[in-house]
Amino acid sequence: MSIRLRNGVWHVDFRAPGGQRVRHSAGTSDKKQAQEYHDRLKAQLWRQSKLGEQPERTYDEAAIRFLAACEGQSDYDSKARYIEYWRQHLGRLSISQITADDVLGNLPTHRTYKHKGPTPLKPATKNRYLATIRTMLNMCATWGWIIKAPHLPAMKEPKRRIRWITSVEAQGLIAAIPQQWLSNACVLGFATGMREDELYSLEWPQVNMRNRSAWVEGDQAKSGRARAIPLNADAMAVLKQLGPKDKGFVLTRNGKRINGGDDRMFAKACADAGIKNFRFHDIRHTWASWHAQAGTPLLVLQKLGGWETLEMVMKYAHLAPSHLADHAGAVTFWSHEAETKKENGIQDCALNAVAA
């Protein structure tokens, strides 16, 4: 018999047209589904042998190659977690069989916490699941494993205002922080716009005090691309206080590397300073907002902040209307004409006065 029941799960067992034996689990306890899988697999192997069709690629093959391509990226652990989630729900399908309905139908809707009931997932969280499987399927199309990846539109996320604070509020926040290491991290964040992980992973060999610059390595950056970090007077003041040193991390806590900061201490400092709804990552938003208001061109700001696209920087454009005002006067037609008429009127009056 070509299908057999073992420990409650059906297995297929037959010989392909080329003579090789095919024997593995069908991944189901339903006999009808197992028979369908057997027939489809046998027909597929026949087409490959007789018609020269490309072999079907499994989900696991795609997952392994995708994760290998993502190795070294700062969000690798998150991608691996999402890939494992989709493996549990789509792993029984070959890559060419995965449809948009399969993905959207298995998209998670809730998250369960230990001391709370099921909590609905926000659209932004669902989009992270979608982004991972979308990227993997698009890469499969690039590799020639499938003809075309299914269309997986992102879910609409509510628009959120950019949270930033003034320099006076920033000074009050820093003064309210009880620990020097967190205070130093905040000052460097306001001065450079570096992300939290970039700040705490920065090492002294990456700092050039003479040239007033530092750099973030590709494996430290969210985008996976290395970038230079110019150091202003505020950043230099903190670095001179801490070093320089030949090795080790720039920011440490009790001589040890800082992992993840301290959200509770930061939140309490914000409350003591009278600042509401402000997270550590909002320091980066504040830095970018200050630059936009000071007239830093958006293309320059994109390079300074390490954003992959200009679109990511456009959320700060409304804070810098002056960069448009300089160009607004390049095209006029009415005011110039009115001014010319006024000048001609004054000249006519003067000539009439002389003639009189």
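**Helix pair α6/α7.** I looked up how α6 (residues 167–176) packs on α7 (residues 180–192) in this predicted model. Their axes lie 9 Å apart, at an angle of about 160 degrees. Axes here are lines fitted to C-alpha atoms over the stretch in contact, with angles from 0 to 180 degrees between N-to-C directions. The two helices are therefore roughly antiparallel (over 145 degrees). Next I checked the contact, meaning heavy atoms within 4.5 Å. A170, L173 and I174 of α6 meet S183, C186, V187 and F190 of α7.

I moved to β7 (residues 213–216). Helices (H or I, at least four residues) and strands (E, at least two) are DSSP runs numbered from the N terminus. A214 and V216 point to one face of β7 and are buried (under 20% relative accessible area, 1.4 Å probe, protein chains only). β6 (residues 207–208) pairs with β7 in the antiparallel sense over 2 bridges; pairing needs at least two DSSP bridges. N208 has S213 as its bridge partner in β7. The β6–β7 hairpin has 4 residues between its strands, and R212 in the turn has a positive phi of about 55 degrees. β8 (residues 227–230) runs antiparallel to β7, joined by 4 bridges. A214 stands opposite I229 of β8.

**Conventions.** Residues are numbered from 1 along each chain as its sequence is written, and side-chain values use heavy atoms, without hydrogens and water. Local features need pLDDT of at least 70 and side-chain atom pairs 80 or more, while totals for chains, interfaces and linings use all residues.

Technical notes:
Parallel < 35°, antiparallel > 145°, perpendicular 65-115°, else oblique. Buried < 20%, exposed > 50% of the residue type's maximum accessible area, 1.4 Å probe, protein only.
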